Each structure stands twice: as structure tokens, then as C-alpha cells.
Amino acid sequence: MKYSPTLIDHFRNPRNAGIMRDPDGVGEGEYKDCMDLVRFHLRVREGLVVEARFQAYGCGPTIAAASAATEVATGRRVAELLDLPAARVEAAVGGLPEARRHAAEVAVLGLRAAARDALDRVETRSERHV
Amino acid sequence: MNRAIYLDHNASTPVHPEVVAAMLPYFGERFGNPSSVHAFGREAREGLETAREQIAHFLRVGKEEIVFTSGGTESDNMAIKGVAMARGRGHLITSKIEHHAVLRAVQNLETQGFDATYLDVDSFGMVDPDALRRAVRPDTILISIMHANSEIGTVQNARALGAIAREHNIPFHMDAVQTFGKVPIDLDAFNIDMLSFSGHKIYGPKGVAGLYIRKGTKMVSVQHGGEHERRRRAGTENVPGIVGFAKAVEIRGRDMVEEGQHLTALRNRLWEGLSRRVPEVRLNGHPTERVPGTCNVCFRHVESESIVLGLDLKGIGVSAGSACTSGNVEPSYVLVAMGVPVDWAMGAVRHSLGRSTTAEDIDYVIESTEPLVAKLRAAMPARRSA
């Protein structure tokens with residue numbers, strides 16, 4: 001299996017690995033066929049993701065994709081993440097072999113879930129203030 | 001630091017330089033077809049038959065009992081289907097941890113009306129001879145049980161299994177691809193009627209293997225064409241490969257015992273180092289009845305392939321117990337049959353050592369594995385246990 005130098009770099013030196021204290025959004029992506037699981041924690045300020053951290057169980061590309069996804073997410077509007085295409089994460093690791101495409105998909109599923117959670121929390125807070 | 005440590009010898013081995021030297025003339029001046037009657041053909045025939053004699057000598061059998069094939073898979077198919085087709089119907093017994101060449105050959109026969117029993121194994125990967133005895137039926141036509149499994153290396157009690165086969169007068173096939181040339185095989189003492197063995201696991205070339213067929217074993221040819229190999233396997237023989245195979249076997253006869261002791265010490269050093277330095281690790285396979293160079297371990301809560309990639313980046317070649325292909329991953333069926341829990345089985349890594357492996361290599365593997373597993377676990381979600 002041939003992987004891009006960018007993917008290898010993310011696997012070797014994962015960015016933003018670990019958990020976050022008091023996150024504004026948490027979400028998981030799961031790929032059952034492969035038993036992969038990726039979890040994201042987001043810190044959101046004024047609708048913008050200012051920090052993202054990940055935890056991942058899976059093969060090397062899944063860990064690399066989760067790492068790259070934290071960089072893709074940071075600086076974006078939370079709402080944007082809801083329809084972030086997997087191709088964006090795939091591009092961020094320099095491409096994926098056909099048999100490993102699910103790595104980007106599972107990362108994006110996790111990011112979307114975390115973004116949805118962050119937006120839900122904002123809505124809940126707004127309702128409480130009404 | 002550019003290190004290259006190959007610990008995947010159960011998958012394939014580098015061809016021994018003496019083997020390459022033995023093969024070379026058969027790509028050049030001795031290129032003839034061994035079935036041709038002229039001098040060119042006779043020269044190739046001589047190389048082929050000398051190779052057959054050398055391998056027969058190693059196994060202490062008659063040269064007419066050796067058939068050359070293209071690989072272990074072909075040998076297994078030839079043995080199983082050859083006996084089954086000769087009988088037309090009946091019941092076969094095998095185990096749940098056989099190589100796919102055996103499992104799928106038997107499954108294929110089931111679709112054609114044959115019956116099959118797949119024996120369980122214990123937590124070490126051992127087939128219980130009593131279970132084999134209980135599985136025998138009046139219509140059992142073949143018992144096919146491997147000598148050692150490629151993933152875990154557990155060596156079966158071939159003597160006890162063969163005795164049961166002989167007691168019931170049932171042909172006994174043993175897939176010895178992982179043990180041939182590595183541990184002693186006594187065909188008579190084990191009552192083996194057919195034995196599959198391969199070249200590229202013992203520093204010979206790929207694409208060449210053999211099947212020992214005890215004289216008197218009733219079977220038919222499953223590949224039709226010319227009258228090669230005493231009409232048992234049609235197709236021009238791979239003469240350079242077979243000559244190389246015989247050379248590899250000759251070298252095994254010379255080096256097997258000493259190398260076995262060396263590899264056993266190294267594989268024990270590897271396990272001791274890993275179990276001392278990495279938390280939540282377990283050894284798969286029998287603690288002592290195991291192919292010398294095989295050390296299969298599970299790292300709990302880590303995914304095999306990420307370890308394989310991480311070690312690859314350190315110049316170490318090992319094999320994953322579970323492989324993610326086309327977006328689907330299953331824990332090893334061998335480990336599942338042994339009752340290894342899924343959260344362990346998903347983190348299985350096989351190290352298979354070979355003649356070039358050194359103690360320094362093993363220490364480097366241990367030193368590289370410890371921080372890698374720690375790093376992977378640090379990035380892991382709290383839950384992933386099923």
C-alpha cells in the first residue's frame with residue numbers, strides 16, 4: 001500500500017491528538033465494517049472553530065486523516081463542517097488509496113457530528129435565555 | 001538511520017545465494033524442456049530428476065512419490081480434490097485454522113455434495129486428537145490437518161493425529177508449508193499419506209512446491225494435459241525453480257537444527273522484551289510447541305495495521321493479524337477460533353524471524369514497538385473494545 005508523504009507525516013506526528021477540557025462540541029465517526037472510530041473535540045468562539053482535537057482507533061490512514069481533519073476544521077465556521085466533503089480531508093493527507101478512502105469518510109463523519117453537537121449546544125443555550 | 005529488518009519470513013524468504021547459483025545454468029545453457037528427447041531436453045531432465053532425488057532423500061521417501069507443483073496452494077488442492085474426486089463422495093475432516101488453500105478447497109467440495117467437519121482448536125491453536133477421533137465417520141475419505149499454522153506457528157501433534165487416521169485407514173494429508181525444512185517431519189512415524197511443502201518459505205524460489213504422495217494412495221489428477229509428473233500433474237516442470245528448490249532443501253538439511261535453536265532463542269528474547277516493556281500484550285500460539293521463528297502477539301486496544309505501518313516507517317517488516325482490505329476488516333479467523341477476544345485480536349502482529357535475524361535486530365524491534373504502541377494508545381478513544 002503506497003501512502004503519500006503528507007499522510008505518513010500526519011501518522012508519524014499526529015497534530016492535535018488527545019482530548020480537550022470543556023469542549024464546545026464532541027462527535028464521533030464510526031466505520032463499522034472496519035471497526036474504525038474517530039472522535040473530535042471542538043472549541044468554538046463566535047461560530048468559528050478555534051481548536052480541534054482528535055482521538056482515533058484504526059489503521060494508519062485513519063489516524064492520519066483524523067489528524068489532518070483537525071487542521072482542516074480549525075479556522076472554519078462550525079456550520080461549514082456540517083457538509084464538509086470527505087474529499088477535502090482526503091486532499092489534506094495528499095490522497096488515499098482506493099481501499100483506504102473510508103479513512104477520510106470516517107474523519108468527516110466525526111467532524112460533522114462534533115459540529116452538530118456544537119450547534120445544538122448553542123441552540124439549547126439560546127432557548128434557555130429566551 | 002536506515003535499517004531494514006525483515007521479520008516476515010512466514011510470508012516469504014530471500015532466496016539463498018547458493019540457490020540462485022544452482023538455478024542460473026537452467027535459465028541459460030540447460031534451458032531445454034525436460035520432456036524433449038534430444039540432448040537439450042535430457043540435460044534439463046537430469047537436473048529435474050536429480051532435484052527430485054535430493055528432496056526424496058531429505059524426506060526419506062521414494063523419488064516417484066514426489067510431485068512438483070507451482071505452490072503450496074496447488075499442492076493442497078491437488079491432495080484434497082485428488083482424493084475426493086477419486087472417491088466421488090464422502091466426508092472430509094479438517095480444522096478451522098487451516099490455510100485458505102485447504103479451507104476453500106474443502107468448502108468447494110461441499111458445494112459438490114461432499115460433507116465436511118471443521119475441527120475446533122484450543123486456546124493454543126492445537127487440534128485435540130480425541131476430537132478428531134470423534135469426528136471420524138464410516139464415510140470419512142480424508143483427514144487434512146496442517147502441521148503448523150502460518151500466523152501463530154503452533155505445531156500440531158502430527159503423530160497422534162496420523163495414528164488415528166491410520167487406525168481408521170483414512171488417507172492423511174498434512175499441509176507442512178510452514179514446517180518443512182524447519183522442524184523434523186517423520187512421514188512414517190506420523191502416518192502421513194500426502195504432504196504439501198513449498199520452496200519460498202525455505203529460501204528457495206517462489207512458484208515451486210511439492211506434494212509427497214505415499215505409494216498406493218488412491219487419487220486422480222485434477223489438472224489435465226500432458227503426461228508430466230507420472231501423469232499426476234500436467235504441465236511442463238519449472239526446472240530452474242525445482243533445481244533451486246532442491247538446493248534450498250539440501251541447505252535446510254545442513255542448517256535446520258542449529259538455525260532452529262538460534263531462532264527459538266531470538267523469538268523468546270522478542271517475547272520477553274515485549275512483555276516486559278509493553279503493557280497489555282499477549283502471546284498467541286503454543287508457548288513451546290511452535291515453529292522456531294514465529295512470535296505472534298496481540299497489543300490490546302491497538303489496531304494491527306497501524307502498528308505494521310509504524311514499524312515499517314522504522315524499517316521493520318512485520319505482518320498484521322487483521323488486514324483492512326476494501327474497507328472491511330475482520331480479526332484473524334485463526335485467533336477467533338482460538339477464542340482470542342476481539343479487542344485483543346484486532347491488535348495482532350506476527351513477527352517471523354529468519355536466518356539473517358540478529359539479537360540486535362530483535363532489541364531494535366522491542367525498542368521501536370514500545371513508544372509506537374504508547375503513542376497509538378494515547379490517541380485512542382477511551383472505548384473501542386468490541
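Where chain A meets chain B, 20 residues of chain A and 17 residues of chain B take part in the contact. The model is predicted. Chain B is assigned two stretches of structure, domain 1 (5-12 + 255-372) and domain 2 (17-251).

**Contact between the chains**

- On the side of chain A that touches chain B, the elements giving two or more residues are α1 (5-12), β2 (36-45), β3 (48-57) and α2 (60-73) of chain A.
- By class, this side of chain A holds twelve nonpolar, five polar and three charged residues.

**Domains of chain B**

- The centres of domain 1 and domain 2 of chain B, taken over C-alpha atoms, are separated by 27 Å.
- Domain 1 of chain B puts 21 residues into the contact between them, and domain 2 of chain B puts in 24 residues.
- On the side of domain 1 of chain B that touches domain 2 of chain B, two or more residues come from each of α8, β10 (294-299) and α10 (333-337) of chain B.
- Of these elements, α8(B) has the largest share, with three residues.
- That side of domain 1 of chain B consists of six nonpolar, eleven polar and four charged residues.

**Sheet in chain B**

- An open sheet of seven strands in chain B runs in the order β2-β8-β7-β6-β5-β3-β4, with mixed pairing.
- The edge strands are β2 (66-69) and β4 (115-119) of chain B; each has a single partner strand, so one side of each has no neighbour in the sheet.
- On average, neighbouring strands of this sheet are turned by 20° against each other, direction ignored.
- Within chain B, β6 (residues 172-175) and β7 (residues 194-198) pair in the parallel sense over three bridges.
- B:Met174 has B:Leu195 in β7(B) as its bridge partner.

- Apart from neighbours within four places in sequence, A:Ala65 is in contact with A:Val89, A:Val93, A:Ala103, A:Ala104 and A:Ala107.
- In soluble globular proteins, nonpolar side chains tend to be buried together.

Terms used: Residues are numbered from 1 along each chain as its sequence is written. Chains are lettered from A and ligands numbered from 1 in the order in which they are written. This is a predicted model: local features need pLDDT of at least 70, side-chain atom pairs count only at pLDDT 80 or more; totals for chains, interfaces and linings use all residues. Two residues are in contact if their C-beta atoms, placed from the backbone, lie within 7 Å. Two strands pair if DSSP finds at least two bridges between them. Helices (H or I, at least four residues) and strands (E, at least two) are DSSP runs, numbered from the N terminus. Axes are lines fitted to C-alpha atoms, for helices over the stretch in contact, and angles run from 0 to 180 degrees between N-to-C directions. Domain bounds come from an automatic or database domain assignment. Ala, Val, Leu, Ile, Met, Phe, Trp, Tyr, Cys and Pro count as nonpolar, Asp, Glu, Lys and Arg as charged, and the others, Gly among them, as polar.
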